[in-house]
Amino acid sequence: MHVNILNLRKDFGATRAVDDISFTFSSGQIIGFVGPNGAGKTTTMRILATLDEPTSGDAKIDGVSIVEVPEGARRLVGYVPDSLPMHRDISVHEYLDFFARAYGLTGVQRRQVVKNIEAFTNLTDIRERTLYALSKGMKQRVSLARALLHDPPVLVMDEPAAGLDPRARVELRELLRILSDQGKAILISSHILTELSEICDSAVIIEQGRIITAGTLQEIAKPQVEQQTVLIRPLDRQDDLYQMLLLIPNVVAVNRLENQIEVKITGSDEDCSGLLENLIRDGYRIVEFKQHGSDLESVFMNVTKG
Amino acid sequence: MKSISETFEKIDDRLNPIVVKELRQAVQGRFLIVVLISFLCLQLLAVGLFLTDKAVTESFTAGRNVFQVLLGILLGTSLFFVPAYTGIRLANERADANVDLLFITTLRPQSIIWGKFLAGIVITILLYSACMPFMTFTYLLRGVDLPSVFILLALDFIVVAVSIQCGILIGCIPANRVFKVILGVGWLVGTFIGFVSLIAAMFAPGGLLDSGIGSQLDSWKFWRGALGVLGGGSAIIGLLALLSTALISPLSANRALPVRIFATTAWGLTGVGAAIWSIEVNSLTPIVVWATLHILVHSIGLFVAVSERETLGRRIRRTIPRNWFLRPLAFFFYSGDANGVVWSSLMIILTLLFIGIWSIVFPYMPTGNEPEFIGALTSLGLYAFSYTLGALLIRRRFLADRVASNYTWVIALILLGIATTVVPLSLFFLEGNWDKEWLVASPLGPLLFFATEGYVSNSIAIGTVFAIFVGVLSLPWFVRRITGFRPPTEKTVRNSVANKSK
């Protein structure tokens, strides 16, 4: 299962919301879709879910075009929007049963599917509660359950972690990992970049409708970081280490923290490795040597203008 | 037992999911329960009050009196509560982004609308069922026959059904809260007028109940009227349902197709009906009534048409016929500003043409003011065309960056307002006296003063000049739209594929 997004463009009047976006992802992958507000993430996701029509370009889900065969494409996509179900007068089970009916499931099959999805998303115990009475985390699970009812091979999730408490975020992360292991291709947008970097294999960063950078997290982190920050915690001789670091040519700045030293150096991962090698060769006893600042968040801050 | 449960399961599977969801929500919500209990209490109270009055119970019309009160309560509750409940729920759902999720299921927009309608009908049946024991009681009290009870209940049911579909249409209109409240108040006033009129038609001296419905059951005249009400009600419900469906359909769909097919068919069928009626009563009046209705509808249609989309989406373009014969025909039935203007204008022209031909074929039919009124209708059509196309021209030429295409109707209304109020009032203050000629550039003038000699002909002359003027200025635009109405060419598709493979 491959999802190919090809030269996608969407105009709203004179405003170009999505501008010639192309990227690919496939089964078992979790792709982070990152960008500041108004970057075009939701528009792209709505186009993928066949809710909006692109001005030009196309997206093919396992070869099925969202422009030419939207009915076929929407059977392959489960869409989780950024808004959560809020009905006061419908229970979790009734809500899922309604959507199962809307997807054309009937009889025993419908009941079995709803039961299985409730069990998978851990909703069985709260299936009789009304949606309005649920916490955000629970509502998010209901939303995910709804998107999984027709067993789509592709999941498109718009800001699923927004507003969730840490426990709910961990639960969601676990569910996404299981779904990814089951072979689903998952596109997920989020503002919580640390969260995304923990679950995503790759990321696409967009701004003003254009892709700024894309690839695996390692790939997109590498070329962007001209200056790296390293945190070093020595067992002893902290003063000596501080003085010695100041003498190294590619070290830009050295800051003494409580029990560690923050070093800013220019160069690549090889330069970081070389620094550690020199410290050990010089007899410093290093407890912790941590490369800091090559995560998704710093890449995002580096590449976007905001 | 197993076969019974299997049958029920099959029925359950075939039910529209929207009906199931709506009814589940209705019975779990407090609102319906409160209304139902209040309704029962009110009926119980009404019957109780009648029974405690000895003079009433001894009367031979006791059943009839109680029936009138009970039917009034039932009609009031059904006519105001059910459509409002259905419409408000739909409007709230439309405001919620989650409604989009329905469009990525296998549900079609028409299933959503019919599901909402059926749910409203089931709630109405629930209210009717709650009323039934009391209605039976009225028969036992004497003074009312069973056919009257059933026929009047059926008549009310049709009116309530139309009102439910009206509520759904208002709920579907994409507007802000203030505009929806204004529409809601309009609906409330309209419903109140409908309620009072219906009550008067049923219970006033000489009304339906007075005339003894039971004795008319074997007359063709009665059944013709009954079938007319049923057919008319069904046609209105169908039209409102199609309009509602068009409003909630995604932009990428050809929203105009079902509405225009329905309106064209209704035009033809009602035209045939009016023609038969006209021959039967030997009068031009039925044809004039038919024409008035259609010219009004299509004049309003022009305001909608100029506010339609300017370009067709790729999904719609793919469905444009490649066949050279079918494509020009399809042009009339596709969404789009030019398509809508051409279709509505054609319907107005055909309607006027029909009256013209009819007058030639049956010149002996006695006429009163009909020829002048037909002239007024002609000016109405000309003005509707001129003002709407003029508005489109102004928006395209001068306001393209400031006013979105879906607000062109507002410019048309402003132009119409200037012609109807600003110009006559300015002249009134300048001249110090009133002259009806000042309304000659407004569609209102010929409709009000069609009996005045020469007024309509002046109005037609001004309207024709105005229509030719905006028509000529818009001609290049029409040509562009007509020549651009074609499916994506093979070359475009090939280029698109080539771009993608790069």
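Colleague: Why is Cys41(B) called partly exposed?

Modeller: The model is predicted, with local features needing pLDDT of at least 70, side-chain atom pairs counting only at pLDDT 80 or more, and totals for chains, interfaces and linings using all residues. Buried means under 20% relative accessible area, exposed over 50%, and partly exposed in between (1.4 Å probe, protein chains only). Cys41(B) has 45%, so the label is partly exposed.

Colleague: What makes Cys200(A) buried?

Modeller: Its relative accessible area is 7%, so Cys200(A) counts as buried.

Colleague: How do you know that Cys41(B) is in no disulfide?

Modeller: A disulfide is a pair of cysteine sulfur atoms within 2.5 Å. The nearest cysteine sulfur to that of Cys41(B) belongs to Cys131(B) and is 14 Å away. Over all chains, the search finds zero disulfides.

Colleague: Why does Asn339(B) count as buried?

Modeller: Asn339(B) has 5% relative accessibility and is therefore buried. Contact means heavy atoms within 4.5 Å, and the residues that Asn339(B) touches include Arg260(B), Phe331(B) and Phe485(B), leaving out those up to four places away in sequence.

Colleague: What makes strand 12 and strand 14 of chain A stand at the edges?

Modeller: Strands (E, at least two residues) are DSSP runs, numbered from the N terminus, and two of them pair if DSSP finds at least two bridges between them. The open sheet has the order 12-13-11-14 in chain A, with antiparallel pairing. Strand 12 (251–256) and strand 14 (286–292) of chain A each have a single partner strand, so one side of each lacks a neighbour in the sheet.

Colleague: How many bridges join strand 12 to strand 13 of chain A?

Modeller: Five, and the two strands run antiparallel. Residues are numbered from 1 along each chain as its sequence is written.

Methods: Chains are lettered from A and ligands numbered from 1 in the order in which they are written. Side-chain values use heavy atoms; hydrogens and water are left out. Helices (H or I, at least four residues) and strands (E, at least two) are DSSP runs, numbered from the N terminus.
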